[in-house]
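Dear colleague,

I am handing over the structure below, together with a short account of what was found in it. Please read the notes with the model open beside them.

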Amino acid sequence: MTDGPRQRSSTAGSAKDAAGEESGGKVALKKEIGLVSACGIIVGNIIGSGIFVSPKGVMENASSVGVALFVWIITGIITAIGALCYAELGVTIPKSGGDYSYVKDIFGGLAGFLRLWIAVLVIYPTNQAVIALTFSNYVLQPLFPTCFPPESGLRLLAAVCLLLLTWVNCSSVRWATRVQDIFTAGKLLALALIIIMGIVQICKGDYYWLEPANAFEPFQDYDVGLIALAFLQGSFAYGGWNFLNYVTEELVDPYPNDVCVTR
């Protein structure tokens, strides 16, 4: 009499356990990043401090307006090709982690570890330090109109900015994407104002250096090393096109979103 109920109870328990393994056995990141936020990540990282700092370096090292425009076009094409390749990698290997995940899956754990070690200790800290120092310089410069801001103030404000953004990213992905969207809108507005002012100056007739006869007139001797530095500055301004692949697992629908953002 008791064998039947015991057997039914055991069967029900095993079915419940199996259902639990299917639904909650896999640990994964929450899919909270949609198409708009994904675009915000890409645009917000590309339109960073580089686009407001690099044009000066590109112009100084290119030695002429025509060569500077050529540098911007070539670096833009290279960036577009890299973004398309990364979009394919993102949908082929749908894992968060970006470069680390791809290097680890293709070349093995040691190569992945070395790539991650270099990125954590060298690449990302220096990039974030440059961005934070540029932000603090822009914030403090109006307070010191006749001189340069003090170095201690720049470093302190940059450190506070880095700590605040680190806390936001550790607290919530949703908060991080909202902050990213807000700052992206601000940077787009700033770029729009710069572009509008440039168009106004062109309409006033200030386009002497854009004329073909004057575009390649050098204001200093051409130098291969300086032109190489101009390409480096242009590439830095486009940096950030691969950041979406670091959160691939958090995209709501990775394949169409990754492809749409890249296109």
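Trp175 lies in helix H8, helices (H or I, at least four residues) and strands (E, at least two) being DSSP runs numbered from the N terminus. With a relative accessible area of 46%, Trp175 is partly exposed; buried stands for under 20% relative accessible area, exposed for over 50%, and partly exposed for what lies in between (1.4 Å probe, protein chains only).

Please bear in mind that this is a predicted model, in which local features need pLDDT of at least 70 and side-chain atom pairs count only at pLDDT 80 or more, while totals for chains, interfaces and linings use all residues. Residues are numbered from 1 along each chain as its sequence is written, and side-chain values use heavy atoms, with hydrogens and water left out.

As for the overall picture, the protein has 11 helices and zero strands, and 27% of its 263 residues count as buried. Among the contacts with a separation of 6 or more, 74% are made by residues 24 or more positions apart.

The unreviewed UniProt entry lists residues 33-53, 65-86, 106-124, 152-170, 182-202 and 222-241 under "transmembrane region"; the positions are given in the numbering used here, feature names are shortened, and such annotations may be inferred rather than shown by experiment. In the model, residues 65-86 are 100% helix and 0% strand, with their end C-alpha atoms 32 Å apart, and residues 106-124 are 95% helix and 0% strand, with end C-alpha atoms 22 Å apart.

Not counting residues up to four places away in sequence, Ile46 touches Ala237, Tyr238, Gly239, Gly240 and Trp241. The C-alpha atoms of Ile46 and Trp241 are separated by 6.1 Å, although the two residues are 195 residues apart along the chain.

Ser63, in the loop between H3 and H4, deserves a look of its own. Ser63 has a positive phi of about 75° although it is not a glycine, and for context, most residues other than glycine have a negative phi. The relative accessibility of Ser63 is 0%, so Ser63 counts as buried, and, residues up to four places away in sequence not being counted, Ser63 touches Glu217, Pro218, Phe219, Gln220, Asp221 and Tyr222.

The structure holds one salt bridge, a term that here requires a side-chain nitrogen of Lys or Arg within 4 Å of a carboxyl oxygen of Asp or Glu. The side chains that meet in it are those of Arg115 and Asp99, at 2.4 Å from N to O. Because Arg115 lies in helix H6 (residues 109-140) and Asp99 in helix H5 (residues 99-107), the pair ties together parts that are 16 residues apart in sequence. Arg115 is partly exposed, with a relative accessible area of 22%, whereas Asp99 is buried, at 11%.

Finally, the second largest pocket is lined by 19 residues, of which Pro55, Met59, Leu69, Ile194 and Gly198 lie nearest its centre. Helix H3 (50-62), helix H4 (65-92) and helix H8 (173-203) are the elements that give two or more residues to this lining, and H8 gives the most, with six residues. A pocket is an open set of points on a 1 Å grid over the protein atoms alone, where a 1.4 Å probe fits and protein lies on both sides within 12 Å along at least five of seven lines, and lining residues have an atom within 4 Å of a point.

With kind regards

How values were computed:
Contact = heavy atoms within 4.5 Å.
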